[in-house]
Amino acid sequence: MSPTLHHEYDVRVLAVRPWGLDVVLPDGAAGQIVNAKDPHWPDGDQEASVATVIRAVVLDDERDPVRLSALADDRAIARSLREGAAG
């Protein structure tokens, strides 16, 4: 399974960086969520997020690591794009 643009995955947070989160997708692929795409930044305790699983959508599947967003708005947009492509 390769990460696919606009698809959602449950990703595990591996590390907190100054610019965002390092995550791993279910297939073992590396991913990144920048601070602007994390709904808990800057108010949440980022260190507490290590090892947690969050729902995220793929924004760029051609980069390594894959770029993702955990924002509800981005996930909703991706769902509408997937439904439009299927219809």
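Start by selecting S2: leaving aside neighbours within four places in sequence, S2 is in contact (heavy atoms within 4.5 Å) with Y9 and D27. You are looking at a predicted model, where local features need pLDDT of at least 70, side-chain atom pairs count only at pLDDT 80 or more, and totals for chains, interfaces and linings use all residues. Residues are numbered from 1 along each chain as its sequence is written, and side-chain values use heavy atoms, with hydrogens and water left out.

Stay with S2 for a moment. This residue sits in the segment before strand 1; strands are DSSP runs of E, at least two residues long, numbered from the N terminus. S2 counts as exposed because its relative accessibility is 53%, and exposed means over 50% (1.4 Å probe, protein chains only).

Next, colour strand 1 (residues 8-17) and strand 4 (residues 53-60), which run antiparallel and are joined by five bridges. Strands pair if DSSP finds at least two bridges between them. Find E8, which stands opposite V57 in strand 4. On strand 5 (residues 66-69), V57 has S69 as its bridge partner. Strands 4 and 5 pair antiparallel over three bridges and form a hairpin with five residues between them.

Last stop: R67, in strand 5. Which side chain does R67 join by a polar contact of 3.1 Å? Select Q32 to see that partner.

Notes: Helices (H or I, at least four residues) and strands (E, at least two) are DSSP runs, numbered from the N terminus. Buried means under 20% relative accessible area, exposed over 50%, partly exposed in between (1.4 Å probe, protein chains only). A polar contact is a pair of N or O atoms within 3.5 Å; within protein, one must be able to donate a hydrogen and the other to accept it, and residues adjacent in sequence count only if both atoms are side-chain atoms.
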